[in-house]
Amino acid sequence: MSRVLNLTTVEERPRRKRLAAASRRETILDAAIPLFASVGYDQTRMSDVTAKVGVTEPVIFQNFGTKAELFAAALDRVSRDAARYLSDLAEQRESVHEWLRHLLAAEHLDHLHTTPMFGVLFADAHRLQLEAGVGAALHRSVTHAAEVIGGTLRRGQTAGSIRDDISPDTLAWLVVSLIQARQFRRTYSPEPSPVLEADLLGRNLEAFRPKPIASNTQ
């Protein structure tokens, strides 16, 4: 079974009285990420972060500037974990097309965007794009995810389970848009329909299948 990153289980590094700047930042992130994933950006208090790290609030702001910049740094860290998750997920499937089927299933996407999974941070990031550093971090994260997805789709093209008449990078951005579209529907739809979601998944997957070779016979 592929590893699903539960952000409440991020291991905290050993505390030391004197830490180098980089180590201090990482220790703060170890404490902040599970909080952002569990209660969201708005409900995360810097006092809760400091309580877990064992420092004062000024130390947080000395290292990150603002709460938004701390969140942006957390998003950068989590995006790397999310990229590894996508790669691990692909390795557990018989084909890249089956990987897509699992990845884009509504139940799977909903799980990734439910507390305390890493999708919670990405959902908050879309809402907070105008906050200091968050928009740029979100852009980096989505771009990195698209690169990983594109690499996997390229392998699928070589193996014959994914159409090869379109650039894998173009297909990757389609995958990213489908992930975001599901989250949009999940957030705003007053009457979600599992039947419609299943039908939509099937139709979307057909767009990635290799196209049959046209016959020249008359």
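**Exercise 1.** What covers the buried residues of α5? Work with the predicted model shown above.

*Solution.* 
Step 1. Locate the helix: α5 spans residues 96-104.
Step 2. Identify its buried residues, which are V96, H97, W99, L100, L103 and L104.
Step 3. Consider how they are arranged. Viewed down the axis of α5, the buried residues fall within an arc of 155°, so they line one face of the helix.
Step 4. Find the cover of these buried residues, which includes α4 (67-91), α6 (106-112), α8 (134-159), α9 (168-188) and α10 (194-206).

**Exercise 2.** Determine whether H97 is buried or exposed, and state which residues H97 touches beyond four places away in sequence.

*Solution.* 
Step 1. Apply the cut-off for burial, which is a relative accessible area under 20%. The value for H97 is 4%, so H97 is buried.
Step 2. List the contacts. With residues up to four places away in sequence not counted, H97 touches S161, I162, L205, F208 and R209.

**Exercise 3.** Which residues of the largest nonpolar core touch the most other members?

*Solution.* 
Step 1. Note that this core has 61 residues.
Step 2. Name the residues that touch the most other members: V49, L70, W99, L100, L153 and V175.
Step 3. Ask which element gives the most to the core; this is α4, with 14 residues.
Step 4. Examine one of the named residues. Apart from neighbours within four places in sequence, V49 is in contact with I28, A31, A32, L35, T44 and I60.

**Exercise 4.** Describe the salt bridges that R127 forms with D42 and with D124.

*Solution.* 
Step 1. Take the pair R127 and D42, whose closest N and O atoms are 3.3 Å apart. This pair links distant parts of the chain, since R127 lies in helix α7 (residues 119-127) and D42 in helix α1 (residues 21-43), 85 residues apart.
Step 2. Take the pair D124 and R127, for which the N to O distance is 3.1 Å. These two residues are three apart in helix α7, so about one helical turn separates them.

**Exercise 5.** Which residues are linked with R185 and E197 in a network of salt bridges?

*Solution.* 
Step 1. Begin with R185 and E197, whose closest N and O atoms are 2.8 Å apart. R185 is in helix α9 and E197 in helix α10, twelve residues apart.
Step 2. Extend to the network, which links D110, R182, R185, R186 and E197.

Methods. Residues numbered from 1 in each chain as written. Predicted model: local features only at pLDDT ≥ 70, side-chain atom pairs only at ≥ 80, totals over all residues. Heavy atoms only, no water. Buried < 20%, exposed > 50% of the residue type's maximum accessible area, 1.4 Å probe, protein only. Helix = DSSP H or I, 4+ residues; strand = E, 2+ residues; numbered from the N terminus. Arc of directions from axis to C-beta. Contact = heavy atoms within 4.5 Å. Core = buried A, V, L, I, M, F, W, Y, C linked by side-chain atoms within 4.5 Å. Salt bridge = Lys/Arg side-chain N within 4 Å of Asp/Glu carboxyl O.
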